[in-house]
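The sequence and structure come first.

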Amino acid sequence: MPTLHLLTGAPGAGKSTLIEHLAPYPFATVDFDELIDPIGELLGMDVRSSSASRVWPGYNRLWGKITALLLRAGKPVLVMCPLTPDEWKDGTAGAEGVPEAVWGRLDCEDADRRARLAARGWDASEIESALADAAELRGVVERGFTTSGRSAAGTAADLAAWVGGSTSP
């Protein structure tokens, strides 16, 4: 059975930035953010907003199904998401073909997160919420990978070694 690796991370950790750097490795890599705009367009709402919280469980179930489909190829799968292990478990409960996951956490220094999110135009309350999310994830997912002071390629190489892919693309 191929392994499922879930890499959680609060906003600004660098998940979306890593996608292109993980492409050369011999496993599937997907990021929850890759479908957020198309799903929002389909539903007629901004799925990122707290007012869309009623659709989040369905979004998580959709990703569980996508993950099961990817695992059928018989290769490891890395899913990058903002979820806690409990949120993933709740979202994929009863989903066929989704094995237990190995968890890691993508993180960065709080100062880096503040700067990255401010550059995206986030306001102070949104940034504070992201910092709180990061603190929560640090408490529930032990294995961490940092993007602070590192190149995206270097972080991707560490992730590839963790997932079981080649240590060089």
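## Helix H7

Helix H7 (residues 152–163) has twelve residues and spans 16 Å from its first C-alpha to its last, close to the 16 Å expected at 1.5 Å a residue, taking 1.5 Å times one less than the number of residues. The model is predicted, with pLDDT of at least 70 needed for local features and 80 or more for side-chain atom pairs, while totals for chains, interfaces and linings use all residues. Residues are numbered from 1 along each chain as its sequence is written, and side-chain values use heavy atoms, without hydrogens and water. Helices (H or I, at least four residues) and strands (E, at least two) are DSSP runs, numbered from the N terminus.

Gly154, Thr155, Ala156, Leu159, Ala160, Trp162 and Val163 are the buried residues of H7; buried means under 20% relative accessible area with a 1.4 Å probe, protein chains only. Their cover includes strands S1 (4–8), S3 (77–81), S4 (101–107) and S5 (144–146), and helix H1 (15–22). Glycine 164 follows H7 and has a positive phi, near 110°.

## H1 against H7

The axes of H1 and H7 lie 9 Å apart, at an angle of about 75°. H1 is therefore roughly perpendicular to H7, a term for angles of 65 to 115 degrees. Thr17, Leu18, His21 and Leu22 of H1 meet Ala152, Ala153, Thr155, Ala156 and Leu159 of H7, contact being heavy atoms within 4.5 Å.

## H3 against H4

Helices H3 (residues 56–71) and H4 (residues 85–92) have axes that come within 8 Å and cross at roughly 80°. Asn60, Arg61, Trp63, Gly64 and Thr67 of H3 make the contact with Glu87, Trp88, Gly91 and Thr92 of H4.

Definitions and conventions: Axes fitted to C-alpha atoms, helices over the stretch in contact; angles between N-to-C directions. Buried < 20%, exposed > 50% of the residue type's maximum accessible area, 1.4 Å probe, protein only. Parallel < 35°, antiparallel > 145°, perpendicular 65-115°, else oblique.
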